[in-house]
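Let's take a friendly walk through one chain, with the criteria spelled out as we go. Please have the sequence and the structure open beside you.

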Amino acid sequence: MLSSLIDAFKVPELRKKIFFTLAILALYRLGAYIPVPGIPFKAFADSFTDAGVSMTMLDLFTGGALSHFSVFSLGIMPYITASIIMQLMQGVIPAVGRWAKEGDTGRKKITQVTRYLTLGLGLINAVGYLFLFKSPAYGVVFSSVVPEIMTDIIVVFTLVAGTAFIMWMGELITQRGIGNGMSLIIFVSIVSRVPSAIFSSVNLQADMGMGIAVTALIVLVVLACIPAIIFVERAQRRIPVNYAKRVQGRKMMGGQSTYIPLKVNAAGVIPIIFASCLIYFPAQIAALFNIDWLTNVANAMSAGWINWILTVLLIVFFAYFYTSMVFNPDETADNLRKQGGFIPGVRPGSATVTYIKNVLHRVTLPGGIFIAAIAVVPSIIFFFTGNTLIQALGGTSILIMIGVALDTMSKVESQLKMHNYDGFFK
């Protein structure tokens with residue numbers, strides 16, 4: 001991996017893409033510290049120190065932008081929520097389902113609708129945060145230089161504009177940089193919280209030496225878990241496929257053997273992100289409408305055994321759901337039939353579809369349970385210890401960082417292979 005990164009800097013085109021990506025990510029981190037106009041920064045930072053678990057997790061995914069009430073306070077969450085809705089609509093609305101099968105044209109339509117939906121959700125979240133931070137729980141008094149209604153409009157407009165700007169930066173990285181822009185933004189947001197979490201972990205204990213020892217132990221445990229996570233991320237169930245021999249013109253075609261690779265964790269970090277968004281969404285709705293009972297429900301869903309059970313169930317559900325969205329056994333079996341391929345011992349047609357579905361279900365279940373355990377176990381430990389480093393380097397954060405890092409490095413390696421092939425043909 002390190003050698004591939006070094007080789008990438010030797011290629012001028014890849015070097016420009018990497019520097020472009022780093023520049024956009026640096027701009028994103030700069031925006032996370034630019035406060036919204038009219039916000040009393042010091043008073044708000046002091047009131048945010050006693051925020052609940054739900055707000056702390058949302059602040060983690062924004063890279064600390066929410067605790068600073070910066071222009072990027074909404075982070076990437078409105079876009080992720082919009083993506084979830086569009087994924088669900090593909091199985092509910094026939095027109096959206098047809099768009100997903102139309103190739104680039106359909107994807108452009110889905111992307112355009114997702115953008116508008118992101119702005120709508122951003123507007124809802126911005127108004128919700130405005131009411132929340134003006135409520136007695138935070139008691140933030142905005143600037144009195146201009147009328148209050150004008151300040152509210154400026155705050156909401158700035159937050160929505162910040163969401164649109166983040167969405168634009170993510171798409172820009174995907175198009176002109178290296179890797180998936182939205183995933184890299186989440187990656188940088190999580191990594192940026194690690195140094196402060198380490199400092200807090202060291203100072204959590206009364207004895208400085210004990211704090212350093214506990215922090216070092218947590219880091220060592222995380223480092224020991226990384227190889228296991230990578231092993232599961234790379235694990236595959238390979239279904240053997242044979243191709244029958246056939247005569248095409250004067251040539252004998254087929255007669256080869258290959259396999260269909262089914263990843264144990266085909267959905268990656270998507271189920272965790274989807275589950276987190278759904279669990280913490282009631283907290284935003286409660287803040288928007290100032291509903292006391294919904295606030296209590298949101299707090300119960302954000303911590304404790306209810307949160308752990310919901311997280312496991314939602315992660316396993318979305319693991320199955322997302323895998324079914326990206327892998328269609330019917331299309332795979334149909335393509336095998338058209339190409340003269342077959343699975344040894346399985347009849348073509350419906351029997352092949354049933355066989356692939358059964359294998360896919362058996363493979364997805366342990367993958368979903370694994371990532372659910374990775375996400376929940378650190379939350380349980382954090383609940384009883386209160387160490388913020390466990391939250392910053394918890395299973396969700398580590399799985400997201402490893403998944404994004406592996407995906408980015410695979411894209412770098414594919415770009416290197418394309419460059420080497422170009423050089424060979426030249």
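## An aromatic cluster

Tyr28, Phe72, Phe165 and Trp168 come together as one aromatic cluster. Rings of Phe, Tyr and Trp (its six-membered ring) are taken as a pair if their centres lie within 6.5 Å; planes under 30 degrees apart count as stacked, over 60 as edge-to-face and the rest as tilted. This is a predicted model, where local features need pLDDT of at least 70, side-chain atom pairs count only at pLDDT 80 or more, and totals for chains, interfaces and linings use all residues. Residues are numbered from 1 along each chain as its sequence is written, and side-chain values use heavy atoms, with hydrogens and water left out.

Across the whole structure, a search finds six aromatic pairs. In one of them, the ring centres of Tyr28 and Phe72 are 5.7 Å apart with planes at 15°, so this pair is stacked. It connects distant parts of the chain, 44 residues apart: Tyr28 sits in helix H2 (residues 12-31), and Phe72 in the loop between helix H4 (53-61) and helix H5 (77-90). Helices (H or I, at least four residues) and strands (E, at least two) are DSSP runs, numbered from the N terminus.

## Buried and partly exposed rings

The cut-offs are under 20% relative accessible area for buried, over 50% for exposed, and partly exposed in between (1.4 Å probe, protein chains only). Phe72 is buried too, with a relative accessible area of 4%.

Phe72 also pairs with Phe165: their ring centres are 6.0 Å apart and their planes at 20°, so this pair is stacked. Here the link spans 93 residues, from Phe72 in the loop between H4 and H5 to Phe165 in helix H8 (residues 148-176). Phe165 counts as partly exposed, at 32% relative accessibility. Trp168 lies in helix H8 and is partly exposed, with a relative accessible area of 45%.

## A nonpolar surface patch

Phe165 and Trp168 also belong to a nonpolar surface patch of about 460 Å², together with Leu27, Leu30 and Ile34. H2 and H8 each supply at least two residues of this patch. Patches are made of residues with over 30% relative accessible area and no salt bridge; like charges are joined within 9 Å, nonpolar side chains (Val, Leu, Ile, Met, Phe, Trp, Tyr) within 5 Å. A salt bridge is a side-chain nitrogen of Lys or Arg within 4 Å of a carboxyl oxygen of Asp or Glu. Accessible areas come from the Shrake-Rupley method with a 1.4 Å probe; for residues, only the protein chains shown count as cover.

## Thr215 and its contacts

Thr215 is found in helix H11 (residues 208-234) and counts as buried, at 5% relative accessibility. Neighbours within four places in sequence aside, Thr215 is in contact (heavy atoms within 4.5 Å) with Ile198, Ser201, Val202 and Leu389.

## A three-stranded sheet

An open sheet has three strands in the order E4-E1-E5, with antiparallel pairing. Its edge strands are E4 (257-263) and E5 (341-342), each pairing on one side only. Two strands pair if DSSP finds at least two bridges between them. Strand E1 (residues 236-243) and E4 pair in the antiparallel sense over seven bridges. Asn242 has Ser257 in E4 as its bridge partner.

## The chain as a whole

The chain has 18 helices and five strands, and buried residues make up 46% of its 426 residues. Among contacts between residues at least 6 apart in sequence, 73% join residues at least 24 apart.
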